Every structure is written in C-alpha cells, then in structure tokens.
Amino acid sequence: MDNILILKIAFIGASITLLFIGLYAVLTKRNLIKIVLGLSIMDNGLNLLFITMGFVKHGTAPIFSPLVMEKLKTVDAAAQVMVDPVVQALVLTAIVIGFGVTAVALALVLRLYRHHNTTNIDEIRNLKW
Amino acid sequence: MKKLIALIFVLYIGVEMFFVFYQIPFGMDRVQSKVGKFYLEHSPKDLKVANAVTSIVVNFRGFDTLGEVTVLFIATTALGSILFRSRKVHNRLNSKRTSVEASMIVQVAGRFLVPLIVLLGAYVFIHGHLTPGGGFQGGVIIATGVLFLLLAYRQFSVNHEPITWIESLAGATFAGLGLTGIFVGKTFLENFLGTGKLNDLLSGGIIPLIYIAVGFKVAAELTGILDTILSISVPVEETENQN
Amino acid sequence: MVAVNPIYYIALPLFFAFLLPLFGKIHKELIRIVPGLLYAYFLGMSFYMLRHVFVTGQPYIVEIAGWKAPWGINLVFDAFTGLIITFISVLAFLVWLYSYRFKKVEFDNALKYFVLLMLVTAGSMGIVMTGDIFNQFVFLEITGLSSYGLTAYYRGRDGAEAAFKYLLIGSLASTFVLMGILLIYTQLGTLNMADIARNIHLMKPSLKIAAFLLLFMGFGIEAEMFPMNGWAPDAYSQAPGPIGAVFASMTSKAGLYALIRLTFTIFDFSSVSKLLFIMGLLTLLFAEGIALRQEKIKRMLAYSSIGQIGLIMVAFSFNTYLGVFAGIFLMINHALIKSLLFFSASYLAYNSPKKYIKDIQGFGKVMPITSFLFALGAFAIIGFPPFSGFWSKFYFLLAAAQKHYIVLIVLILSVSLVELVYYLRVVHKLYFAKPTGDYEPHSPNWNGMLAMILLALVIIAIGVYPDLVTHYIDKAAVMIMDKAQYIHNSLGI
C-alpha cells in the first residue's frame, strides 16, 4: 500500500466513524447533554470529511504568502501545489453554523432542566416523541 | 435491544457511506474542482488577496458568510429569547456563576494574559487576508479572553449595552458595505475600492474591512453568548410563572 | 436598478434585523414599525417585479460580488421563484399585521420576536431564490435556527421540548444535506445548481443516487415529508399563533421548493417522480389519518398541513404540465388558507383553557367574526366552490384524470371526505353546541382582525376570479418544467 491509500483510508474512515459515533449517541443516549454532544461530534466528523476531500498530494495551504511567491515566482506555479480552498471555506461556514446550533441546543437543555429538573429525556415527555 | 438495532443501523449506513466516499478520487496532483482552480487563480490576480480561503469566504461566496454571521446573530437572539427571564425573577435569584473564587495565580495571570489575548485576536482578524485566520477566528480568540475573565473573577460581568451596539453596528457594516456596492452601480458585496498590491496590509479593497467587521461582530456575539449562559444559575427550588 | 433588486429580499431584512436593537433604543414602537415598512416595500417590489417578469419574460438574475454564475452565487427571480416570493411577501406582511399587537409582552421579548420573524422570512426567501446549493444550505440553517427560537418563544408551555425535538431532526437533516453537497462538489467541482444540472450526467451513477437520496431526505425533513415529520405538530402547536402560519406557509413551502428544484432541475433520474409520488401519498394518508384523531385544534391543523404537503408532492410527481400547474396552485392556496386557519384558530385556542376542540363549543356566538373566518377557511381548504381551494383541487383531479389515475382520484376524494369530517367537527362545535361558560373572551384586536379579513378576501377573490393567479401559475409551471431555460437564465448559455 502506498502512503496515499493509507491516508485515504485513515481520513475517510476516521471522519465517517466520528460521524456515526455521533449519530449513535443521538439515537441511543437518554441524557440531553449527551445528545447535544453527539450532534457536535457529528458536525466535527463531517467537517473533517470536507477537509479530507480537498487534499492534494504534497499540497500546501492556499495562501500566496511572500515565502511561497519567492520560491515559486508566479501565481500559476504556486496555485499548482495548493489544496482546494473551497472546501475549507465551506467548512468555516459549517463550523460557525454548528456552533450556533449547539449554543441554541444547550440553551434549550437549560430551559428544559429549569422546568423539569432533569436532563433525562424519558422524564420530559409532555409531548409525544 | 433498542441499542442493538441502533448499532446495526448505524454500522450499516456507516459502512455504506465509507464506500460511497471511498470511490471519490483522493490525493491528486493538483486541485481538481473547477471552481477551486478558478478561485486559486483569481484570488491573487484580480482581488490581490493572498489568502485564497479569505477571498472565497468574503468575496466569491461572501453571501454565505453574511448568512453565517446571521446564524450567529440568530443564535444570540434565540438564546436570549429562550433563557430570558423577567427582571423581577432575575434580581430575586441574584445569580452567581461559581461557588468558589478562582486561585490567585489564575487571577494574576488573567490580568496579564487577557490584553495579550485580545491583541492576538485583533491581529488575526486584521491580517485575515494575508495569513491564516480571519474574522471568525479572531473573534473567537477575543471571546476566549473574556471567558478567562469570567472564570477568573466571580464578580466580573459583561456590560450588555456596548455589546449590543458593537453587534448591531458591525453586522450593519457588513450588510451596508454590500449594499453600497449596489448604490455605486456594481453588485452586492462587489469590491468598490482599489485593490492595492498582493501581500500588503492595505490590499484587497473591502475584503479586510468586511473581515474586521465580522471579527468585531463575532467577538461581541460570543461574549454575549458566554455571559448569557454562564450567568444562568439553575436553582432547584425555582418555580417560574407557568402562565 | 437601485429601487428593485432581488437581493433586497435578503440583504435588507438582515441589515434591519442587525440594527433593530438600536432602533428600539430610539423609540420602542420602531421595533414593530420597521419590519412592517420593510414588508410593505417587499409587497410592492414583488408585484412590480413579477409583473415585469410576466410581461417581458425576462427573469431577474443577480450575481453577487460581480462574479458570473458558476463562480459566484446568484439569485434567480423568474416566473416560478418570483411567484413563490410574491406569496411569501404577501403572507409575511399579513403575519406582521396580525402579530403587530398579538399579545402584551415585554419590550425585550417583542424585539426578539420581530428579529426572528424577519430572519425566518428572509431565510425562506433565500432558500427559494438562491441558485447555489451550499447557499441554500446556509439559508436552511437560518430558517431552522430562527424557527427553533420562535418555537421555544413562550415560557411555561412545552415549547422548549418541541424546539429541542425540531432541532434534533433539523440537525440530522442538515447533516444529510451537507453530505449530499460534498458528494456533488467532489464529483463535479461546482456548487451552482444550474451548473450541476448541466453536468449531472458526468457523475458516477452510484454516487449520484447516494447524493440524491441524502439531499432528498434532508430537504424532505424541512418539507415535513412522511417518515420524519414527528416534530411538525409539536412545533406548530407550541409556537405562538402567527408562527404556526409562518411554518405552514413559508418554511415548509421553502423545503418543498427545494425538493421540487432537486427533482425537476438538478437530477435527471426518470424514477424520481415515482419516489416523489410514493412519499407524497404516504405523507398524505398518514397525516390525514392522524388528523382525524386529534383532540387539539392546532395539532389537527398541523397534521392537515402535512397532509396538504403530501398532496402537493403527488401533484408535482405527475410530471405533466397540468400536474405542476395544480401543484403550484395547491401550494399558494395552502399557504393562504392555512394561514387564515392558524390566525383564527390561535384566538379560538387562546380562549379555550386546555386547547381542546371540545372547549371551543359555542364560540360562534361569543366570537362571531373569528369563528366565521375559521369556518370559511375550513370550507376553503376542503375545496368548496366559492373559495380558492376549489380550483386547486379541481385542477388536481383534472391532472390525475389526464394520467388516468382512477384509483388515485377515488383516494383523493375519500381523503377530502376525511378532511370534511374533521373540519366539520370543529365547525359543528363552534356553531351548534351550547357555550359552556359565560366568561369574557379575548377578542382579536383590530390589526389581527384586519389581517384575517384581508386573507379571507383574497381567498374569496381567487375563488371567484381564478384568472387573477392562473396566468402567473401558467408561466411558472412552464418555467419549472423547462430545465434548459433555467440553466440558460443562470449561466447565460
């Protein structure tokens, strides 16, 4: 196996594993905080998957810094060795959105705790689930 | 039993998804995607922005970022609305964050470190178009400084008046800079200033300006969120008006 | 082109939502007035632009940051999206009017309500107009997060629980959507919907199916499709009254729009319409069946709303001009009529202490106008002739007959019978049962009444002169069926 294949299996495997550990937690855990943690883990797995897909062999960060420009002279040559910037930009957006969702989820948990004095989902069933 | 079913279900979909993503070509010699190539080429040439991610976040896909800032704004608003309690109840509870005072080492270190943390955050968002980082990252760094203060000093509380002002004005600056593009005869969020030279601090036209506004907004919003969540005490005997 | 621009639908609500806390410091009444002025402006702008698109046939395409479509994000205001935007603007204005003084709340809470209201409408409009699939995801999240906030708006009720449930399912939906977007991006290297549609045949078939299913599931959850709509009745019944109307008329319609865009424009499967058909029919039967057994009025309306979504999906799945025509007509009618029902029902429920249907008996005498408007809405949604609901059901049956789906016609008619039963049950309680107590009910204030009467007038006007909208629907139906035209409009090729 060459290095790239190992990297591929490792990164895709790790991110998918994270994603589905999160999903498992969301599906089975009864504690509200743990469910929110599960959501957060899912987000992170997905973000890792995004970044993985932008990988370029021997690539560098997509920044045309003076150092890079000095070494490679032209913009086109520098662009050849850079990883995909689009997925990174998308992940930045996804992280912030994930943060917002987590914050609201935790606030809801706080409210539920205030009312029911528990974080166990089985004891908070005023509505049908 | 229920857990077992969930486990099998999750494992099955997980393996399926792994093989779906396994089919995608990985580790090619250069960027494959059409738009990725375009952005890498045009970010330094047309926009004179060294950090291609910044130029995508603020210019090419700047509309997403406006949405993103809005998501944070919604989160603070919704948080306030969810955890809001009337002044009367709030004063009665006289909320305290922690029961123990932080040690002197933490307090002294905090006094020394917090200015540096804020400085670093400001540096990160001002140089967002040149170096890794940007408005979001810088804003988060500043908010960690505030978190340090909140944890180190029990009495420390954030004054919400300036936070509201910064939040509103920074957000309006972002949207306003975008709208200015329309009024000067270009399109929304299009650059209407000179672009300068690649790798200069003053380059990229409105891109650094927008990122600075984002930095202020994120810092203010995160500070607000931290303060809202941390100042909520959850006393067991509380009975709120169950209208 | 400074006065009208589709970008204003999103940029201005964001701009003013950011500034609204500061307006509140100048004068407390401004936080109520500013959204209203904005919505009034949108109303005028929508009619002007829709008229312009209708007359000239030229859509409004906006490129953001000056980059042409596949490179930058674009907004499309054509005959189809324009029509939906126009109806969202109408309803947004009416929702604002209705909730102008909905209940006495503290200043801070009113401020948050109006901020979230502005952002939920902006998010729905963004989902409809944007030509970029990742941007659509961002707007989905804006809509979602503000809906969670609004669902948990009231303390004391079980709003937080409903909102948490909504948030869980919504987060799963957004994870699915993101994975689908990632698959498409890695295969085609673009995020623009028109560009994806143009190149979709280049995708590996197995990945294409995976991406489609992920996106379909994700947007289907937002559109309240069958297996994952458990959140909807709770969210509808726990949210403030006008927000139920927002969910029924805007957020679910935006999700539905995304589904339609997905099946009609982006993907090129021939079996997609079968999937849409089956899911729609399941949604319809499931929801109408449950609606029959509901004891609470708002939950009943919520299930009825889900059922209507199923009906609309079935209409679109015919994949014929007439089917799409009926689908769009149903969408508009459902948005209008369900809003009226939610508006009036929220006052009926407000006055019944336990929110049960049996508590509202005799309200026909106590609150004559509200009860009358509710009854009017009920008859309209079942599809009685003088109202707009009649025409959409009529066109739907026509479309089904054209496809020779005799069993389906029988099925839809029997579902209408079920609807008749559960709506008549409420109307019967309103008018033909004795009032239980003799207490002073909270009547709707003048602005709520005005909003409801305006809606009722629109419903009757469309019912009497269906030509008011059918010309526009005709253009919209042609537009959604014509994939090449959409690609041409967005990319200029």
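Two residues are taken to be in contact if their C-beta atoms, placed from the backbone, lie within 7 Å. The structure is a predicted model, in which local features need pLDDT of at least 70 and side-chain atom pairs count only at pLDDT 80 or more, whereas totals for chains, interfaces and linings use all residues. Residues are numbered from 1 along each chain as its sequence is written, and chains are lettered from A and ligands numbered from 1 in the order in which they are written.

Between chains C and B, 51 residues of chain C are in contact with 49 residues of chain B. Helices (H or I, at least four residues) and strands (E, at least two) are DSSP runs, numbered from the N terminus. On the side of chain C that touches chain B, two or more residues are given by each of helix 1 (8-26), strand 1 (60-63), helix 4 (107-129), helix 5 (133-151), helix 6 (159-188) and helix 8 (205-222) of chain C. Helix 5 of chain C supplies the largest share of this side, 10 residues. By class, 32 residues of this side are nonpolar, 12 polar and 7 charged; Ala, Val, Leu, Ile, Met, Phe, Trp, Tyr, Cys and Pro count as nonpolar, Asp, Glu, Lys and Arg as charged, and the others, Gly among them, as polar.

Chain A also meets chain B, with 47 residues of chain A in contact with 54 residues of chain B. Helix 1 (3-28), helix 2 (32-53), helix 4 (75-80) and helix 5 (85-116) of chain A each give two or more residues to the chain A side. Helix 5 of chain A gives the most, with 18 residues. The chain A side divides into 34 nonpolar, 8 polar and 5 charged residues.

The largest nonpolar core has 311 residues. Such a core is a set of buried Ala, Val, Leu, Ile, Met, Phe, Trp, Tyr and Cys residues joined through C-beta atoms within 7 Å. A residue is buried if 20 or more other C-beta atoms lie within 10 Å of its own, exposed if 12 or fewer, and partly exposed in between. The largest share of the core, 19 residues, comes from helix 13 (residues 321-351) of chain C. A:Val104 and A:Leu108 have the most contacts inside the core. Apart from neighbours within four places in sequence, A:Val104 is in contact with B:Ala75, B:Ala78, B:Leu79, C:Leu145, C:Tyr148, C:Gly149 and C:Leu167.

B:Lys48 lies in the loop between helix 2 (34-47) and helix 3 (52-60) of chain B, and counts as buried because it has 22 C-beta neighbours inside 10 Å. B:Asn199 lies in the loop between helix 8 (160-183) and helix 9 (206-230) of chain B, and is partly exposed, with 18 other C-beta atoms within 10 Å.
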